[in-house]
Amino acid sequence: MAPTEQASPGTTSPRLGPSTVDLVIPVYNEERALRGCVTTLHERLRNDFPFPWRITIVDNASTDNTPRVAEQLSEEMKGVDCLRLDRKGRGLALRTAWGNTDADIAVYMDVDLSTGLDGLLPLVAPLASGHSDMAIGSRLAPAARTVRGPRRELISRCYNKLIRITHGSRFSDAQCGFKAVRTAALRPLLHATNDDEWFFDTELLLLAEYNGLRIHEVPVDWVEDTDSRVKVFNTAVDDLRGLWRIARRKSTGAARVAVSSRGPVTSEHPDAVLAPKSKRSRLFGQVGWFALIGVFSTIGQAVLYWLLRQWWPAVAANFVSLLVLTILNTEANRRLSFRDSQTGVGRAHIGAGGLFLLGYLVTSAAVLLYDSAAGNASPAAESVVLACASVLVTAIRFLLLRTTVFRRDDSSSPRQESGETN
């Protein structure tokens, strides 16, 4: 199924190359919206799009007149294909169409065209140039403009914030129906995806980012179409389950995919003066981040201890404050201090859990010894002693985290050397 439409001569930018593009539109019971969508998109592609292209309509088990409309459009318009599936699922539709395409770049967009088509070329261009592996439209990027109700705005922002908190993701909008992927990078990921429904977008993005692919974000103009097939509550529950599944796969290493490497980052200037590669420079970076995180963790624990100490005994207040700050500290160090380590979330927190016991014993002993020596000590004085003991524990934690929990394999691949951060 090679793309069959070509822009008029003189419009293709030679700098971007002759990449072919397959634009997939998954539909379910969209007889009202389908013709207007394809007609509008077809005209825009013929007039303004500089790459060879094809539109693929994927009908996933519609029960209305959608299949007939799709067939009519494929017969009437050059460069339009249709595909009929016997069961529902947006993820299933995309996996099937993208898995069978022979185009260089696979695109997905919603049939309601909520995302402005002015963003289509900026979406595809970074992939055609080879700069990026995946591109996504973002309604939450600073320059994006959206027209939608407060409920969807709140749900979208909360969901994407949850992804960032639980997975450390850097993309801002997982669910915008406007994405493109280089098929060379896409195929290994498709074999690793499991979801056939609405979570497919998020799953694909998380796997791509986790495996070091470069994701480009395009701020888009987006107008809500209230004629939607999305069941918000059911979709939200499925998304939460999906996030948990991906987290478990990351913790066991099952989310690793054999994707192509970009190689190490190098300077293109032939006479560039580069700093020598050194383990010492990496150590300094780790120490710097660890110290900064440690300062905030120590202050945070002391403040939380002081608050809890108003109601709880010293041992209980110390336990809870240390537990909370250890979890936050470990996650911060996993993403910043030891970001070049392949240690998963589960192993990182299990390893840190063992160090939690050491920290609890040392800091509790310091507070109890101080109370015994000073007599009637105030919570503020105890907090100072706790902070000093935490400094000692922090130094020990760094050595053990670096040499055991986040031990880095120096025979890592070029992709890891180039700065994977998840």
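**Exercise 1. Find which residues Val181 is in contact with, leaving aside its neighbours within four places in sequence.**

Step 1. Apply the contact criterion (heavy atoms within 4.5 Å). Leaving aside neighbours within four places in sequence, Val181 is in contact with Trp98, Asp104, Ile105, Ala106, Leu127, Asp133, Met134, Leu186 and Leu204.

Step 2. Val181 is found in strand β7, where helices (H or I, at least four residues) and strands (E, at least two) are DSSP runs, numbered from the N terminus.

Step 3. Check its cover. Val181 counts as buried because its relative accessibility is 1%; buried means under 20% relative accessible area, exposed over 50%, and partly exposed in between, with a 1.4 Å probe and protein chains only.

Step 4. Look along the chain. Val124 is 57 residues from Val181 in sequence, and their C-alpha atoms are 8.3 Å apart in space.

A word on the model before going on: it is predicted, so local features need pLDDT of at least 70 and side-chain atom pairs count only at pLDDT 80 or more, while totals for chains, interfaces and linings use all residues. Residues are numbered from 1 along each chain as its sequence is written, and side-chain values use heavy atoms, with hydrogens and water left out.

**Exercise 2. Work out which residues of helix α3 are buried.**

Step 1. Helix α3 spans residues 90-100 and is mostly covered, with 8 of its 11 residues buried.

Step 2. Name them: Arg90, Gly91, Leu92, Ala93, Leu94, Arg95, Ala97 and Trp98. You have already met Trp98 as a contact of Val181.

**Exercise 3. Characterise the largest cavity: what is its volume, and which residues lie nearest its centre?**

Step 1. On a 1 Å grid over the protein atoms alone, a cavity is a set of points where a 1.4 Å probe fits but cannot get out, and lining residues have an atom within 4 Å of a point. Grid points are joined across faces, edges and corners, and a volume is the space filled by probe spheres set on the points.

Step 2. The structure holds 5 cavities of 30 Å³ or more, and the largest has a volume of about 180 Å³.

Step 3. Its lining comprises 16 residues, with Gln301, Leu322, Thr326, Thr394 and Arg397 nearest the centre. Two or more lining residues come from each of α9 (279-308), α10, α11 (345-374) and α12 (379-405).

Step 4. Sort the lining by class: 5 nonpolar, 10 polar and 1 charged. Here Ala, Val, Leu, Ile, Met, Phe, Trp, Tyr, Cys and Pro count as nonpolar, Asp, Glu, Lys and Arg as charged, and the others, Gly among them, as polar.

Step 5. Turn to α10 itself. This helix, residues 314-335, has 22 residues and reaches 32 Å from first C-alpha to last, close to the 32 Å expected at 1.5 Å a residue; the expected span is 1.5 Å times one less than the number of residues. Its buried residues include Asn318, Leu322 and Thr326.

**Exercise 4. Where is Thr363, and is it buried or exposed?**

Step 1. Thr363 has its place in helix α11. At 1% relative accessibility, Thr363 counts as buried.

Step 2. Beyond four places in sequence, Thr363 is in contact with Asn318, Leu322, Leu386, Ala389, Ser390 and Val393.

Step 3. The C-alpha atoms of Thr363 and Val385, 22 residues apart along the chain, are 8.4 Å from each other.

**Exercise 5. Describe the backbone and cover of Asn29 and Leu113.**

Step 1. Recall the background: most residues other than glycine have a negative phi.

Step 2. Asn29 has a positive phi of about 55°. Asn29 lies in the loop between β1 (21-27) and α1 (34-48) and, at 18% relative accessibility, counts as buried.

Step 3. Leu113 has a positive phi near 50°. Its loop runs between β4 (105-109) and α4 (120-128), and at 22% relative accessibility Leu113 counts as partly exposed.

Definitions and conventions: On a 1 Å grid over the protein atoms alone, a cavity is a set of points where a 1.4 Å probe fits but cannot get out, and a pocket is an open set with protein on both sides within 12 Å along at least five of seven lines; lining residues have an atom within 4 Å of a point.
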